[in-house]
Amino acid sequence: MKINLFSPITPGADRAEADQGLIEIVNGYVDQVSGQPAIKTRPGLKEMHTLSMNTRVSLYWWEAKRILVVANGDRIYVKTSKKGELIDVTPANVADRFPKGVRVFFSADEYGVTMCAGLFMLWWGGVTSAPAIRITDSAAPNTVTSLAYLKGYTIASILNTQQFAYAVYGPLDPRTSPPPWSPLYQSASASPDDIQCLDAGWEELFVLGRESAQSHYASGDATVPFPPLNGSVVETGIMNSECLQKLGNSWIFYTPHKQVVRVQGRTPTIISQAIEQRLRRLTYFDKVHSYTLFNRFYVLNFYADQRTYVYDLNNGLWYRWGAWDETFKKYKRFVGFSAAYAKAWGQQYLGGFDGRVYEMSFDITHDNLQPIRLRVRSAHIDHGTSARKFSTDLSIRLLRGEPPTIF
């Protein structure tokens with residue numbers, strides 16, 4: 001008997017399915033080879049830079065200036081060329097630095113990068129000889145959960161409120177300093193829940209609470225610059241401010257119902273059916289963040305549970321990625337904490353939990369000289385029974401070739 005391992009299943013009926021569907025793929029992905037699906041080892045990692053060890057590294061690609069911004073909380077660095085070293089632009093005043101090892105989030109226009117870790121914002125204007133500075137505008141918010149840029153506006157959501165703030169340059173404002181923040185905060189109240197995060201895409205502002213999401217547009221009105229779009233409310237919210245990503249032509253985020261939703265146009269679709277059994281079993285289901293890789297993979301990292309699940313936009317499959325713990329003989333969480341794709345350099349960068357910046361590539365066959373342990377496992381319980389599957393024969397087709405090169 002032959003089984004199509006890539007066919008869809010009905011999850012939740014019994015334990016006939018594996019952890020992620022009909023099969024579980026760990027540290028791999030499914031690609032097309034000569035028109036047929038093939039399981040390949042996930043892209044590997046090569047260390048590029050080392051910061052403070054065992055600190056979380058946040059990355060951001062500033063497209064306007066073609067600069068990679070690297071932060072591990074209390075230190076801010078920039079990389080201005082593909083082969084260049086990191087340049088330290090950390091504020092000189094210790095009181096103006098973020099706490100060590102925290103997640104830093106970013107937004108940028110053509111004049112500068114705004115960054116925040118929750119309590120205050122920094123701004124860097126692109127001059128490598130000048131450090132980042134603290135934004136001291138009295139109208140600027142000081143408890144920020146996310147940042148975005150849309151049509152000249154830098155926008156920040158405010159913790160535990162239904163409001164977001166915005167900053168914009170006037171005709172006579174100098175572009176060598178941060179844009180002035182408006183004292184007229186705007187509210188978003190599709191449901192009576194606080195804003196968790198926001199982001200901009202397709203000339204719209206997508207604002208999410210824990211119960212709902214709604215799109216806004218830039219009106220040009222000085223009093224209400226971002227009114228809501230009629231008919232754009234999505235009746236599902238987000239788990240926290242770190243789960244929202246743009247991927248393909250859609251928004252993807254993780255909800256308080258322990259599901260992953262993809263919103264394309266105005267239509268939300270649940271895409272996590274294959275892994276929902278596993279999501280429901282997580283202990284720290286709210287300790288989670290996300291990022292995207294290669295404009296293809298949505299990475300959902302439950303760092304406290306040591307689990308990393310990956311959604312493949314190309315085929316709708318889910319994988320589990322991780323690092324192999326040789327001591328305890330099990331998979332740990334994937335090393336990646338953040339990611340940024342340097343378009344001008346053609347490089348996918350990964351910021352780690354370990355204080356390192358990596359290059360990630362399909363051509364690298366190892367994780368910084370450590371082997372990537374690939375596992376493919378089918379369901380082990382016969383459908384409708386309590387008996388384990390039994391196979392009398394196993395056929396494997398191998399392609400002979402040169403051993404992989406270790407860089």
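User: Which residues form the nonpolar patch on the surface, and what is their accessible area together?

Analyst: Patches are made of residues with over 30% relative accessible area and no salt bridge, and nonpolar side chains are joined within 5 Å. In this predicted model, one such patch on the surface consists of Leu394, Ile396 and Leu398. Together their accessible area is about 410 Å².

User: Is Leu394 buried or exposed?

Analyst: Leu394 lies in the segment after strand 35 (375-378). The cut-off for exposed is over 50% relative accessible area. Leu394 has 70% relative accessibility, so Leu394 counts as exposed.

User: Is His216 buried or exposed?

Analyst: His216 is found in strand 19 (residues 213-216). Buried means under 20% relative accessible area. The value for His216 is 1%, so His216 is buried.

User: Which residue has the backbone oxygen that the side chain of His216 reaches?

Analyst: Leaving aside neighbours within four places in sequence, the residues in contact with His216 include Gln186, Glu204, Phe226 and Pro227. The side chain of His216 comes to 2.8 Å from a backbone oxygen, and that oxygen belongs to Phe226.

User: Which strands stand at the edges of the open sheet of four strands?

Analyst: The strand order in this sheet is 5-6-7-8, with antiparallel pairing.

User: What is the bridge partner of Trp62 in strand 6?

Analyst: Strand 5 pairs with strand 6 (residues 67-71) in the antiparallel sense, over five bridges. In strand 6, Trp62 has as its bridge partner Ile67.

Methods
Residues are numbered from 1 along each chain as its sequence is written. This is a predicted model: local features need pLDDT of at least 70, side-chain atom pairs count only at pLDDT 80 or more; totals for chains, interfaces and linings use all residues. Side-chain values use heavy atoms; hydrogens and water are left out. Two strands pair if DSSP finds at least two bridges between them. Helices (H or I, at least four residues) and strands (E, at least two) are DSSP runs, numbered from the N terminus. Patches are made of residues with over 30% relative accessible area and no salt bridge: like charges are joined within 9 Å, nonpolar side chains (Val, Leu, Ile, Met, Phe, Trp, Tyr) within 5 Å. Accessible areas come from the Shrake-Rupley method with a 1.4 Å probe; for residues, only the protein chains shown count as cover. A salt bridge is a side-chain nitrogen of Lys or Arg within 4 Å of a carboxyl oxygen of Asp or Glu. Buried means under 20% relative accessible area, exposed over 50%, partly exposed in between (1.4 Å probe, protein chains only). A polar contact is a pair of N or O atoms within 3.5 Å; within protein, one must be able to donate a hydrogen and the other to accept it, and residues adjacent in sequence count only if both atoms are side-chain atoms. Contact means heavy atoms within 4.5 Å.
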